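Subject: Handover of a structure

Dear colleague,

Please find the sequence and the structure below. A description of what was found follows directly after them.

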Amino acid sequence: MSRRVALTTLGCRLNQVDTLLLQAGLEARGFVTVPLGAPADVVVVNTCTVTARAEFSDRQAIRRARRDHPHARVVVTGCWAQTSAAEVARLDEVDLIVGNADKPRLPDLVERLLDHASAAPPRVSVGSLTERHSAPTLRLPLSGRSRAFVKVQDGCQHRCAFCIVPLARGASRSVPLPAVVAQVEALVEAGHAEVVLTGIDLGHYGADLRPRTTLAALVEALGGVRDLRWLRLSSLLPAYITDGLVAALRSSAVVAPHFHVPLQSGSDRVLRVMRRPYTTELYRRVVDRLLTAFPGAGLGADVLVGFPGETERDFAETVALVDALPFTYLHVFPYSARHGTEAAARADRLTPRTVAHRAAVTRALGEVKAAAFRRRLAGAVEDALVLERRDRDTGDLIALTGRYAEVLFAGPDALMRRLVRVQIAETAGARLRGRLVEERAA
């Protein structure tokens with residue numbers, strides 16, 4: 001009888017891709033993937049550690065895995081496992097801990113855990129990330145989802161004062177360009193109209209490969225993949241958005257008009273203390289460059305508020321810059337101290353009340369800008385990819401436009417995973433409501 005595995009993921013898109021890679025590795029060994037809550041022999045929890053809130057969610061997921069699967073083995077992997085193995089090991093619910101450095105070995109370790117005839121693995125398998133490992137090139141399982149996420153890079157060579165990710169993910173490393181192209185070709189052939197390139201430090205793609213290559217070269221190569229309709233990029237540091245990359249994006253027929261460019265702070269003083277590799281002036285120039293090439297594009301940003309030592313003036317500068325730039329949505333994060341980072345050792349932390357207030361103010365500004373963006377789309381006809389699920393409240397189809405706006409409209413299930421043209425009629429809360437104009441040719 002085949003062994004059954006259930007998997008759950010916390011955190012970023014890259015973690016979701018990692019879970020798919022783990023699923024593929026386990027299925028290659030004969031495991032059958034089952035939903036959480038179904039009878040399973042093992043449950044894999046892929047964790048996040050970017051904030052204290054993320055670690056709270058990790059603990060909840062681990063305890064839920066044990067509660068819902070009392071007879072299964074619980075395996076914890078991911079960033080929290082890598083950075084805080086001793087802390088994870090104190091949880092009685094956990095049978096095996098596998099760090100990011102050892103993720104490629106996880107299928108073998110799980111087999112050994114379940115196979116009583118062989119020596120069980122050590123409870124903690126968390127190796128060092130100081131050595132340069134190549135990014136995995138194992139192909140993702142082909143799912144029924146509309147959008148496919150492809151991991152092309154992992155790790156980060158930056159050392160931002162607040163960020164634990166380099167300790168959790170290691171040095172920057174890239175998947176060779178031909179392997180990325182082959183993966184995208186397979187996904188498109190399986191019916192995925194949109195592919196999203198993901199990475200921890202995506203703009204650094206190719207710098208570690210020999211021969212060296214670039215994200216611009218990858219974009220150009222993927223533009224030649226037959227039947228690929230949309231190519232979308234995940235988060236890109238502003239310093240990587242050069243004239244050469246913008247030219248490659250602009251010349252591609254498949255790049256979606258949507259970009260996510262982390263800001264973190266609108267204060268140059270705070271950016272310096274954070275060790276961010278750009279200034280507000282550079283950020284403004286990058287936004288202008290992108291929107292000149294893609295007028296009306298969706299533009300998102302991460303904003304981190306309440307960094308140690310952030311003054312009222314620093315925060316006011318952040319609010320002013322966010323207000324001045326044409327963002328269509330924001331991801332706002334209250335500062336959370338991460339053990340092992342430079343910022344965690346600072347004595348000038350703000351009170352939780354101050355941090356929470358600044359986060360609320362920034363989120364409210366983000367909502368205002370998002371609502372203005374949705375109003376500007378009223379009456380427009382947009383290309384949109386129909387997702388594989390319906391809206392729970394209305395039963396309508398959900399489609400995602402190239403500018404990264406969700407549109408609800410009436411239509412049959414046959415349109416799911418298809419590219420359509422919709423006319424935006426009105427706003428519907430955080431989304432838009434529209435009507436089908438035509439289905440795009442496959």
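Two strands pair if DSSP finds at least two bridges between them. Helices (H or I, at least four residues) and strands (E, at least two) are DSSP runs, numbered from the N terminus. The model is predicted, so local features need pLDDT of at least 70 and side-chain atom pairs count only at pLDDT 80 or more, whereas totals for chains, interfaces and linings use all residues. Residues are numbered from 1 along each chain as its sequence is written, and side-chain values use heavy atoms, with hydrogens and water left out.

The parallel sheet

Strand β12 and strand β13 (residues 298-305) run parallel and are joined by three bridges. Within this pair, H260 has G300 of β13 as its bridge partner. The sheet itself is open and consists of three strands in the order β12-β13-β14, with parallel pairing. Its edge strands, β12 (258-260) and β14 (329-334), each pair on one side only. On average, neighbouring strands of the sheet are turned by 15° against each other, direction ignored. Here, axes are lines fitted to C-alpha atoms, for helices over the stretch in contact, and angles run from 0 to 180 degrees between N-to-C directions.

The helices

Helix α13 (residues 352-377) packs on this sheet and touches β13 and β14; its direction makes about 175° with that of β14. Contact means heavy atoms within 4.5 Å.

At what angle do α12 and α13 pack? Helix α12 (residues 312-324) packs with α13 at about 10°, and their axes are 10 Å apart. The two helices are therefore roughly parallel (angles under 35 degrees count as roughly parallel, over 145 as roughly antiparallel, 65 to 115 as roughly perpendicular and the rest as oblique). On the α12 side, the contact is made by E312, F315, V319, V322 and D323; on the α13 side, by R358, V361, T362, L365 and K369. These residues comprise five nonpolar, one polar and four charged. Ala, Val, Leu, Ile, Met, Phe, Trp, Tyr, Cys and Pro count as nonpolar, Asp, Glu, Lys and Arg as charged, and the others, Gly among them, as polar.

The antiparallel strands

Strand β15 (residues 381-390) pairs with β18 (residues 419-428) in the antiparallel sense over five bridges, and E382 stands opposite V422 in β18. Four bridges also join β15 to β16 (residues 397-401), again antiparallel; there, A384 stands opposite T401. Six residues lie between β15 and β16 in their hairpin, and G395 in the turn has a positive phi of about 80°.

Backbone details

Most residues other than glycine have a negative phi, and most peptide bonds are trans. The peptide bond from R210 to P211, however, is cis, with omega near 0°. P211 lies in the loop between β10 (194-198) and α8 (215-222). D227, which is not a glycine, has a positive phi near 75° and is placed in the loop between α8 and β11 (230-233).

The cysteines

How many disulfides does a search of the whole structure find? The search finds zero, a disulfide being a pair of cysteine sulfur atoms within 2.5 Å. C156 is in no disulfide, and the nearest cysteine sulfur, that of C160, is 6.4 Å away. The sulfur of C160 is 6.1 Å from the closest cysteine sulfur, in C163, which is too far for a bond.

Yours sincerely
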